[in-house]
Amino acid sequence: MRIILASASPRRKELFQKLFPVFEIIPAQSEEVSLAASPEETVLELAAQKAEEVSRLLEGTKDYLIAGADTVVSWQGEILGKPKHEKDAQRMLRMLSGNTHQVYTGVTLMYAKNKRQECIKFAECTDVKFYPVLEAEIKAYIKTGEPMDKAGSYGIQGLGGRFVERIEGDYENVVGLPVSKIYQVLKKIDDFSLPF
């Protein structure tokens, strides 16, 4: 069976290895677009688009599992994507300072074995509470470059983790892939065999 992660994210690759030591990476190439009203609906839509694009490339392949995922940071219902520039990163970090925000990851698992096909979609949400962050800390953090390719302008697994007071929910979900939830979902697929 071909096991495929539909993402080029190094963080997702590292997390997916906890489920499957051997797998392929086939990232979706199209620009995903969502008109959904909520962060949860947005990540569900975008994850599905990624998995569906990769599944079209596998037409004729009998046995496969494709995992597509998308993560967003949300504060008071506003989705905070990757910053466009340093001022945008500064704006986001100011918003998060001293507040609790949500991190949503949507996952689509497309499973095909013989003639059976199944598509499972779910979203996981983790609450993240930041300590108050000083303006000087925000500027110093932005100078490291770390915030510039991260949703919400921070990486919990990197230097941005120093601003986190606590989380409620799955830490790995904040990094980009809710591994334990995926594992529980895969266990419920009747004829699917996990590697351990």
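The protein chain carries 26 positive and 28 negative side chains. The centres of the two sets lie 3 Å apart. These values, like the rest of this report, come from a predicted model.

**Overall build**

Buried residues make up 50% of the 196 residues.

The chain holds 6 helices and 7 strands. Read from the N terminus, the order of elements is β-α-β-α-β-β-α-β-β-α-β-α-α. The radius of gyration is 17 Å, close to the 16 Å that the globule rule gives for 196 residues, so the chain is as compact as a globular protein of that length. The C-alpha trace spans about 60 × 30 × 30 Å along its principal axes.

Contacts can also be sorted by sequence separation. Take those between residues at least 6 apart in sequence: 67% of them join residues at least 24 apart.

**Helix α4 and what follows**

Helix α4 covers residues 135–143, and its buried residues are I138, Y141 and I142. Seen down the helix axis, these buried residues fall within an arc of 100°, so they line one face of α4. They pack against α3, residues 86–96. The face turned away from the buried side carries A136 and K143, both exposed.

Just after α4 comes G145, with a positive phi of about 90°.

What does L159 touch, leaving aside its neighbours within four places in sequence? The contacts are Y141, T144 and E146. Y141 is one of the buried residues of α4. L159 and T144 are 15 residues apart along the chain, and their C-alpha atoms are separated by 8.8 Å. L159 counts as partly exposed, at 36% relative accessibility.

Most residues other than glycine have a negative phi. Against that background, two residues deserve a look. Q76 is not a glycine, yet its phi is positive, at about 50°. S153 is likewise a residue other than glycine, and its positive phi is near 70°.

**Helix α6**

Helix α6 runs over residues 179–187, with V179, I182, V185 and L186 buried. Viewed down the axis of α6, the buried residues fall within an arc of 125°, so they line one face of the helix. Their cover includes two helices, α1 (10–16) and α5 (171–175). It also includes the strands β3, β5 (100–113) and β6 (116–130).

V179 gives a residue-level view of helix α6. Its relative accessibility is 8%, so it counts as buried. Which residues does V179 contact, apart from neighbours within four places in sequence? They are L15, K18, L19, D170 and E172. V179 and L15 are 164 residues apart along the chain, but their C-alpha atoms are separated by 6.7 Å.

S38 is found in the loop between β2 (24–25) and α2 (39–57). With a relative accessible area of 24%, S38 is partly exposed. Buried means under 20% relative accessible area. S38 and R12 are 26 residues apart in sequence and 23 Å apart in space, C-alpha to C-alpha.

**Separations side by side**

The table sets out the C-alpha pairs named above.

| Pair | Apart in sequence | C-alpha separation |
|---|---|---|
| L159 and T144 | 15 residues | 8.8 Å |
| S38 and R12 | 26 residues | 23 Å |
| V179 and L15 | 164 residues | 6.7 Å |

The V179 and L15 pair is also in contact. So is the L159 and T144 pair.

Notes:
Residues are numbered from 1 along each chain as its sequence is written. This is a predicted model: local features need pLDDT of at least 70, side-chain atom pairs count only at pLDDT 80 or more; totals for chains, interfaces and linings use all residues. Side-chain values use heavy atoms; hydrogens and water are left out. Buried means under 20% relative accessible area, exposed over 50%, partly exposed in between (1.4 Å probe, protein chains only). Helices (H or I, at least four residues) and strands (E, at least two) are DSSP runs, numbered from the N terminus. The arc is that of the directions from the helix axis to the C-beta atoms. Contact means heavy atoms within 4.5 Å. The radius of gyration is taken over C-alpha atoms; the globule rule is 2.2 Å times the number of residues to the power 0.38. Lys and Arg count as positive and Asp and Glu as negative; His and the chain ends are not counted. The place of a charge is taken as NZ of Lys, CZ of Arg, CG of Asp or CD of Glu.
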